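Here is a short note for a colleague who is opening this structure for the first time. Please keep the view open while going through the points.

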Amino acid sequence: MPYRYANADPAHRPHGARAILRWAVCDRVTGRRRPKPPGPPAPRVEPDLDLISGSSPLPSLTWIGHASFLGCLGGASFLIDPVFSNRVGRLYRRHGEPGLDPEQLPELAAVLVTHNHYDHLDAPSLAAVAAEVPVVVPVGLGGWMQRRGRRQVVELEWWQSVSLGGLDITLVPARHWSKRGVADTNASRWGGYVVGAGGVAVYHAGDTARFEGFIGIGRRCGPLAAAMLPIGGYEPAWFMEQQHLNPEQAGEAFLELGARILVPMHWGAFQLTDEPLCEPRGRIERWWRSLPDLPGRRLEVLAVGETLTLDGAS
């Protein structure tokens, strides 16, 4: 079946009907697939509202939970994949509370959406952000945004850039796919973002599997102060490895990117796949401990609501 958009490697395609049937039905019936209890959610702390108000000169990242971040670079604040809702896609409930409520957000220069899956593009959460705030999306999603009252929408293809409010924003490739309805598989693009200002650049991968693009992103857009990489959504591996990273793969991607700080995300809030919510955290921490010393590099596993300052990180 031809799709409008595809991964850089044509072999990286969405699963077909047979694989989906095996994953969703057959393996459950036969007992080969046994989802684990979710367990506790990611730890949460109360946000430092003074620090994220936009008055601080320090660049920072605040984890709202799952793949949602509030960033501040060069005094300009931005949201990536905002999800404040207690449920996404009607099927998946949130475990724990988000790190911020919409009314706690500072003035925003932009909202960035990586792709149209429900745990990254949540319509009620987007509606909670003032309509005049510019929204940056992959090509193919502009009409969806405009139909919901967004007044300024910028569509980007891979490697295209836009400057908004002092932020330089580039959509970069990812190995993933898009789908929101019954018949719109890969009808819009997907990707990650590199955002830079004031001499500091950060990378948010969106959703991605292991692919050859991380080295190129680091070379073309670096140096990167921080890389926000997904570490959850990997079980069962035979089905999920085409679209998500496991923790060890995320670590390898971090090394290829050449970033200074690894910030794990996409864990601890929504049990979208079969591993417990906090298992990815334990795995990425064990992976990090197995490495030789990496001068100037570090792992920062944030609590929901926690702010990481990036002063001197790049």
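**Notes on the predicted model**

1. Start with a salt bridge. Arginine 210 pairs with glutamate 252, and their closest N and O atoms are 3.2 Å apart. This pair links distant parts of the chain, 42 residues apart. Arginine 210 sits in the loop between strand S12 (200-204) and H4, while glutamate 252 belongs to helix H6. Arginine 210 is partly exposed, at 21% relative accessibility. Glutamate 252 is partly exposed too, with a relative accessible area of 35%. Bear in mind throughout that this is a predicted model.

2. Stay with H6. Where does it meet H4? The axes of helix H4 (residues 214-221) and helix H6 (residues 247-257) come within 7 Å. They cross at roughly 35 degrees, and the crossing is right-handed. On the H4 side, the contact is made by Phe214, Ile215, Ile217 and Gly218. On the H6 side, Ala253, Glu256 and Leu257 make the contact.

3. Next, a second salt bridge. Arginine 189 forms a salt bridge with glutamate 157, and the closest N and O atoms are again given as 3.2 Å apart. The partners come from distant parts of the chain, 32 residues apart. Arginine 189 lies in the loop between strand S10 (167-172) and strand S11 (192-197). Glutamate 157 lies in the loop between strand S8 (153-156) and strand S9 (161-164). Is arginine 189 buried or exposed? Arginine 189 counts as buried because its relative accessibility is 8%, under the 20% limit. Glutamate 157 is partly exposed, with a relative accessible area of 23%.

4. The loop between S8 and S9 also holds tryptophan 159. Its phi is near 75 degrees, a positive value in a residue other than glycine. Tryptophan 159 counts as partly exposed, at 28% relative accessibility.

5. Aspartate 81 is found in the loop between strand S3 (76-80) and strand S4 (87-88). Is this aspartate 81 buried or exposed? Aspartate 81 is buried, with a relative accessible area of 0%.

6. How many salt bridges does a search of the whole structure find? The search finds eleven. Among them is the pair of arginine 44 and glutamate 46, whose closest N and O atoms are 2.8 Å apart. Arginine 44 is partly exposed, with a relative accessible area of 35%. Glutamate 46 is exposed, with a relative accessible area of 62%. There is also a network of salt bridges that links Arg22, Asp27 and Arg32.

7. Now the nonpolar surface. Leu21, Val25 and Val29 make a nonpolar surface patch of about 280 Å². Valine 29 is placed in helix H1 (residues 17-30). An α-helix has 3.6 residues a turn, so residues three or four places apart point the same way. Valine 29 is exposed, with a relative accessible area of 68%.

8. Cysteine 278 is in the loop between strand S14 (261-265) and helix H7 (279-289). Which residues does cysteine 278 contact, leaving aside its neighbours within four places in sequence? The contacts are Pro40, Pro41, Ala42 and Trp267. The C-alpha atoms of cysteine 278 and proline 41 are separated by 6.5 Å, though the two are 237 residues apart along the chain. Cysteine 278 is partly exposed, with a relative accessible area of 24%.

9. Then look at H7 itself. Its buried residues are Pro280, Gly282, Arg283, Ile284, Trp287 and Trp288. What covers them includes H6, S14 and strand S15 (298-299).

10. Last, check two peptide bonds. The bond from glycine 222 to proline 223 is cis, with omega near 0 degrees. Proline 223 sits in the loop between H4 and strand S13 (226-230). A cis peptide bond also joins glutamate 235 and proline 236, with omega about 0 degrees. Proline 236 is in the loop between S13 and helix H5 (237-240).

Key: Residues numbered from 1 in each chain as written. Predicted model: local features only at pLDDT ≥ 70, side-chain atom pairs only at ≥ 80, totals over all residues. Heavy atoms only, no water. Patch = residues over 30% accessible without salt bridge, like charges linked within 9 Å, V, L, I, M, F, W, Y side chains within 5 Å. Areas by Shrake-Rupley, 256 points an atom, 1.4 Å probe, with all protein chains shown as cover. Salt bridge = Lys/Arg side-chain N within 4 Å of Asp/Glu carboxyl O. Helix = DSSP H or I, 4+ residues; strand = E, 2+ residues; numbered from the N terminus. Buried < 20%, exposed > 50% of the residue type's maximum accessible area, 1.4 Å probe, protein only. Axes fitted to C-alpha atoms, helices over the stretch in contact; angles between N-to-C directions. Left-handed = near helix turned anticlockwise from the far one by under 90°. Contact = heavy atoms within 4.5 Å.
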